[in-house]
Amino acid sequence: MTEPKPFAVIAALLAALGCGLMGGVFFAFSTFVMAGLARLPAIDSLHAMQSINQMAGRTLFGALFVVTPLACIASIVAGWGLRHEAVGKFILAGGATYLLFGLLLTIALNIPLNNQLDAVPAVGADYPTE
């Protein structure tokens, strides 16, 4: 068994920490934030979600959204050298899983929906009633 290099250990730990924090954000948002928004009148939900979207990039979430994929890429690069070891396979799988399911799905599905929501005028004939 090859001893993992310090870079691989640090990259994997940072990626795991970032993925755990992002997973917590995704879990909270999908379980109780969305449920709370669903209980509000449509216009209030619109205002709340537009405010959330405006703040998301300006908070720790925005930094974490950028840094976590970078840590995952670093862990994949580091894990590639250990790909014949069990630990390397786990590092590769963990980094790839977040990039595919955490980052790419968010970019492909959620961000376009948020952009559409942000384009809805907060008042006027085009705002949703339900």
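In this predicted model, the axes of helix 1 (residues 6-38) and helix 3 (residues 60-80) come within 8 Å and cross at roughly 145°, where axes are lines fitted to C-alpha atoms, for helices over the stretch in contact, and angles run from 0 to 180 degrees between N-to-C directions. Helices (H or I, at least four residues) and strands (E, at least two) are DSSP runs, numbered from the N terminus. Residues are numbered from 1 along each chain as its sequence is written. Local features need pLDDT of at least 70 and side-chain atom pairs count only at pLDDT 80 or more, while totals for chains, interfaces and linings use all residues, and side-chain values use heavy atoms, with hydrogens and water left out.

- The contact (heavy atoms within 4.5 Å) involves residues including Phe7, Ala11 and Gly18 of helix 1 and Phe61, Phe65 and Ser75 of helix 3.

**Overall form**
- The chain has four helices and zero strands, in the order α-α-α-α along the sequence.
- Its radius of gyration, taken over C-alpha atoms, is 19 Å, well over the 14 Å that the globule rule (2.2 Å times the number of residues to the power 0.38) gives for 130 residues, so the chain is more spread out than a compact globule.
- Along its principal axes, the C-alpha trace spans about 65 × 25 × 20 Å.
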